[in-house]
Amino acid sequence: MGRAVRQLGLIAASALLMAALPRSAAAQIGSARYAAVVLDPQSGKVLFGSNAEAPRHPASLTKMMTLYMLFGALRRGEISLQQRLEMTPTAASRPPSKLGLPPGRSITVENAIYALVTKSANDVASLLGETLGGGSEPRFAQMMTLRARAIGLSGTTFRNASGLPDIDQITTAHDMAMLGLRLQRDFPEYYHYFGTRRHVMGPVTLRNHNRMLDAYEGVDGIKTGYVDASGFNIVSSAQRDNQRLIVAVFGGSSWVERDRHAAALLDRGFAQLGVDGSGGVVMANAAVPRGLALAAVGGTAAAATLRTVRAGGMVARAAPSLTRRAAARPVAATRSVVAARKTVRLAAAQASARNPDRPAAATRRVAARTVVEQGDGGTRVRVRTVAPARKPVVKPRRR
């Protein structure tokens with residue numbers, strides 16, 4: 001009885017807290033995926049941090065490291081901007097967001113950069129990984145991880161070049177903010193690509209998913225991302241009155257909420273530096289009791305557009321053991337796996353109840369519809385495998 005009263009008290013306190021905060025903050029406060037940091041590049045000081053060192057999935061923020069590696073290769077003369085790269089069948093099979101080049105078609109290295117910073121093209125990221133990894137994207141991911149550790153990103157491990165779902169691909173908000181800083185400092189001659197609002201590539205115009213380039217004064221990059229296990233993420237850099245800040249936000253329930261939260265954190269950071277900004281109350285300040293119901297999470301995301309596509313080859317790597325590295329794994333990843341399994345089992349049971357003579361077939365069909373969602377810039381892409389066609393059951397005729 002006492003335990004139930006305490007739980008009700010916590011839920012009531014949470015409701016009052018959320019009501020007192022800005023409307024766009026609610027899902028951020030309750031999300032187990034939330035993390036944020038504001039970095040002053042000049043002093044290296046962290047002006048604000050919440051779960052800044054907690055493990056999170058980088059999603060398409062991974063492409064910042066892919067480009068960091070590419071910029072290094074360009075500077076060393078190992079590759080050139082006008083060099084053409086031929087799309088491989090493996091890279092072309094990556095699910096959206098993608099450019100959609102068929103195998104055998106080629107793209108210049110510079111257009112590949114534009115495809116990553118604007119459309120966040122997974123197929124092109126994979127192609128760059130294969131090119132720089134000597135034909136192997138997994139080898140390139142190892143190279144990315146080693147380089148990340150060398151520049152101080154101690155909480156980051158890469159498994160692919162795109163950020164497509166992989167339970168072992170983890171980072172932290174602080175590491176991603178630091179990666180944004182290193183891109184500016186180490187490759188100033190290439191950083192301007194991240195500020196591209198649109199790029200014309202033949203008959204196609206690629207528009208940047210980073211809407212903060214137009215919505216927030218002083219923003220000149222860097223990258224957005226989304227996978228279901230991490231929510232809507234962003235690393236953004238802004239400059240006002242010769243003062244620059246870098247913000248990283250993980251766990252938004254929509255791109256709108258994510259961007260508004262990043263803007264609020266930037267306002268607060270600039271205000272701390274004496275630069276014009278609202279300096280208003282930032283929702284991430286409030287502490288939320290552990291174990292609260294997360295009913296607010298995903299409320300806005302439910303309205304996000306879902307597009308169904310066929311995935312010829314999923315990049316998401318099946319972990320050999322769901323319990324392996326549990327201590328280092330983001331909490332949302334484990335919960336999403338468990339929730340997906342429960343959904344599959346429930347749907348299989350319902351299908352079996354409707355057709356008790358064919359429970360095995362019903363289970364196979366449900367399993368084939370298991371989805372992994374990945375996208376960027378405001379839309380979520382539902383990727384699913386296609387169940388093989390089954391022969392219709394011919395009922396015996398009555399005599």
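# Rings, cores and strands

Author: Tyr68, Phe71, Phe187, Tyr190, Tyr191 and Phe194 form one aromatic cluster. The model is predicted, and local features need pLDDT of at least 70, side-chain atom pairs count only at pLDDT 80 or more, and totals for chains, interfaces and linings use all residues.

Reader: Why are Phe71 and Tyr190 called a stacked aromatic pair?

Author: Rings of Phe, Tyr and Trp (for Trp, the six-membered ring) pair if their centres lie within 6.5 Å, and the pair is stacked if the planes are under 30 degrees apart, edge-to-face if over 60 and tilted otherwise. By this rule the count comes to seven aromatic pairs. For Phe71 and Tyr190 the distance is 4.9 Å centre to centre and the angle between the planes is 20 degrees, so the rings pair and the pair counts as stacked.

Reader: Where in the chain do Phe71 and Tyr190 lie?

Author: Phe71 is in helix H3 and Tyr190 in the loop between H8 and strand E5 (198-201), so that the pair links parts of the chain 119 residues apart. Helices (H or I, at least four residues) and strands (E, at least two) are DSSP runs, numbered from the N terminus; the protein has 12 of each.

Reader: How do you know that Asp259 is buried?

Author: Buried means under 20% relative accessible area, exposed over 50%, and partly exposed in between, with a 1.4 Å probe and protein chains only. Asp259 has 9% relative accessibility, which is under that limit, and therefore counts as buried. Asp259 lies in helix H10 (residues 255-272) and, leaving out residues up to four places away in sequence, touches Arg211, Met212 and Ile234, where contact means heavy atoms within 4.5 Å.

Reader: What makes the charged end of Arg211 sit "over" the ring of Trp255?

Author: The rule asks that NZ of Lys or CZ of Arg be within 6 Å of the ring centre and within 35 degrees of the ring normal. The charged end of Arg211 is 4.0 Å from the centre of the Trp255 ring and is listed as sitting over it.

Reader: What is meant by the largest nonpolar core, and which residues have the most contacts inside it?

Author: A nonpolar core is a set of buried Ala, Val, Leu, Ile, Met, Phe, Trp, Tyr and Cys residues joined through side-chain atoms within 4.5 Å. The largest has 59 residues, and Leu70, Phe71 and Leu179 have the most contacts inside it. H3 gives the most to this core, with nine residues. Leaving aside neighbours within four places in sequence, Leu179 is in contact with Met64, Met65, Tyr68, Ile151 and Leu153. A second, separate core of 20 residues includes Ala36, Val38, Leu265 and Phe270. In soluble globular proteins, nonpolar side chains tend to be buried together.

Reader: Why is E9 said to be largely enclosed by the rest of the structure?

Author: Nine of the 10 residues of E9 are buried, so E9 is largely enclosed.

Reader: How many bridges join E1 to E9?

Author: Two strands pair if DSSP finds at least two bridges between them. Five bridges join E1 to E9, which run antiparallel, so these strands pair. Strand E8 (residues 231-240) and E9 also pair in the antiparallel sense, over eight bridges. Val247 in E9 has Val38 opposite it, and Ser236 also stands opposite Val247.

Notes. Residues numbered from 1 in each chain as written. Heavy atoms only, no water.
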